[in-house]
Amino acid sequence: MSQDPLFCPLRLGQLHLNNRIVMPPMTRSRASQPGDVANAMMATYYAQRASAGLIISEGTQVDPMGKGYAWTPGIHSAEQVAGWRLVTDAVHAKGGTMFAQLWHVGRVTHPDNIGGAQPISSSAIKAEGVKVFVDNGSDAPGFVETVTPRAMTREDIATAIEQFRQAARNAMLAGFDGIELHAANGYLINQFLDSESNARTDQYGGSLENRLRFLKEVTEAVGHEIGMARVGVRLAPLTTLNGTVDANPQETYLAAARMLGELGIVYLHIAEADWDDAPLMAESFKQGLRDAFPNTLIYAGKYDGARARAALEAGWADMIGFGRPFVANPDLPERLRRGYPLASHDPATLFGGGEQGLTDYPIYGKEDVPA
């Protein structure tokens, strides 16, 4: 067994992973239109990166109302399930393991992305200053500001829970090895969780127990459908992305971690704030999460090889996600193993477009040949 902590195998539920390197969810907006369908180009992209211990797909909307950005894939139609089967077959053929990130954006959208409807959220509170991109008829996205959502009714909440449950079932039909619930970065589940985006006075708002309820019920629904050993959850305790802020994040997120641990999910994925001058997540907070959650803990947020190895050796992380480094380095695990330099990505090709900036990055030493 390698002494390099990044390359020690790991058991994730019933799955055996070859290393501790995660390709985390990254929106790339290449789904085929109309229909928001995963395609062969995306299959090539993910298969090129199948040497990761675990791949988590880009955010995948569970319903048309859950779509926040142009050209993102869904997993609520038969055509979408078939499209994702192309991807998972390609990843599995390369020996990879892949979870689908299930996503409902709530208020972080615009009527142009959801058939003219008014967005929904925990409360009728606008995500101030937040912009999303819409299809403006060109290859470049047009950015527009979000609008005020309507507060979800109890029927809306029940419907959303069912949409997540059905999406988990669809993910299994599409060949994924598991699913990750996106409860981070200001999207729908996070809008219930954080105190400053939830003004409800019913059983889904107010107290911490009530604000945790939607996350708990969604997790229970998908776990009942596919088994908790195939369910992960992503949280972002300190991020303020898309306008969600919690008044006491340490209390809130330690409680969330304990609850999810009691439910028996297979992993907890912590997205650290990674913008310039972002608040640092104290090691005491990370150790608190380690104490609260008994299964696999994944961290992501501006990690390099040295920081990743230190986190694994410290024991508060079991796997590390490398986001944008995976964009330009399809062979990232090998580069980390051997200490090869990392290529830089082209920011202009992150969202939308075609093969350029998606599948044409080479492996190390073969700069003239795409991976």
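This is a predicted model: local features need pLDDT of at least 70, side-chain atom pairs count only at pLDDT 80 or more; totals for chains, interfaces and linings use all residues.

Visitor: Good to know. Which residues touch the most other members of the largest nonpolar core?

Guide: That core has 87 residues, and the ones touching the most other members are Trp84, Leu102, Ile179, Phe214, Leu235, Tyr299 and Phe322. Apart from it lies another core of 12 residues, including Leu10, Leu54, Phe99 and Met319.

Visitor: What does Trp84 touch?

Guide: Leaving out residues up to four places away in sequence, the contacts of Trp84 include Ala38, Met42, Tyr46, Pro73, Ile75, Met98 and Phe176. Glu58 and Thr60 are among its contacts too.

Visitor: Okay, strands now. How many residues of strand E11 are buried?

Guide: Five of its five, in a strand that runs over residues 178–182. Both faces are covered: Gly178, Glu180 and His182 are buried on one side, and Ile179 and Leu181 on the other.

Visitor: Which strands pair with E11?

Guide: Strand E6, residues 98–103, pairs with E11 in the parallel sense over four bridges. Strand E12, residues 231–235, also pairs with E11 in the parallel sense over four bridges. To find your place, look for Gln101 opposite Glu180 of E11, and for His182 opposite Arg234 in E12.

Visitor: Let's switch to helices. Which residues of H1 are buried?

Guide: Helix H1 covers residues 40–48, and seven of its nine residues are buried. Those are Met41, Met42, Ala43, Tyr45, Tyr46, Ala47 and Gln48.

Visitor: And what covers them?

Guide: The cover includes strand E3 (21–23), strand E4 (54–56), H2 and E6. At the N-terminal end, Asn39 caps H1, with a side-chain oxygen 3.2 Å from the backbone nitrogen of Met41.

Visitor: What about H8, which residues are buried there?

Guide: In helix H8, residues 283–292, the buried ones are Phe285, Lys286, Gly288, Leu289, Arg290 and Ala292. Helix H7 (249–263), strand E13 (267–271) and strand E14 (296–300) are among what covers them.

Visitor: Now a loop residue. Is Lys67 buried or exposed?

Guide: Lys67 counts as buried because its relative accessible area is 11%, and the cut-off for buried is under 20%. You'll find Lys67 in the loop between strand E5 (60–61) and helix H2 (78–93).

Visitor: What does its side chain meet in there?

Guide: The side chains of Lys67 and Asp36 are joined by a polar contact of 3.0 Å. Residues that Lys67 touches also include Gln61, Thr72, Val105 and Asn113.

Visitor: And Tyr340, where is that?

Guide: Tyr340 sits in the segment after helix H11 (332–338). At 31% relative accessibility, Tyr340 is partly exposed. Setting aside residues up to four places away in sequence, Tyr340 touches Glu334, Arg335 and Tyr364. Tyr340 and Gly365 are 25 residues apart in sequence, with C-alpha atoms 9.6 Å apart.

Visitor: Last topic: how much space is in the largest pocket?

Guide: About 1,000 Å³. Of the 37 residues that line the largest pocket, Pro25, Met26, Asn185, Asp274 and Arg324 are the closest to its centre.

Visitor: Which element gives the most to that lining?

Guide: H10 does, with three residues. The elements giving two or more residues are E6, strand E8 (131–134) and helix H10 (324–328).

Definitions and conventions:
Residues are numbered from 1 along each chain as its sequence is written. Side-chain values use heavy atoms; hydrogens and water are left out. A nonpolar core is a set of buried Ala, Val, Leu, Ile, Met, Phe, Trp, Tyr and Cys residues joined through side-chain atoms within 4.5 Å. Buried means under 20% relative accessible area, exposed over 50%, partly exposed in between (1.4 Å probe, protein chains only). Contact means heavy atoms within 4.5 Å. Two strands pair if DSSP finds at least two bridges between them. A polar contact is a pair of N or O atoms within 3.5 Å; within protein, one must be able to donate a hydrogen and the other to accept it, and residues adjacent in sequence count only if both atoms are side-chain atoms. On a 1 Å grid over the protein atoms alone, a cavity is a set of points where a 1.4 Å probe fits but cannot get out, and a pocket is an open set with protein on both sides within 12 Å along at least five of seven lines; lining residues have an atom within 4 Å of a point. Grid points are joined across faces, edges and corners, and a volume is the space filled by probe spheres set on the points.
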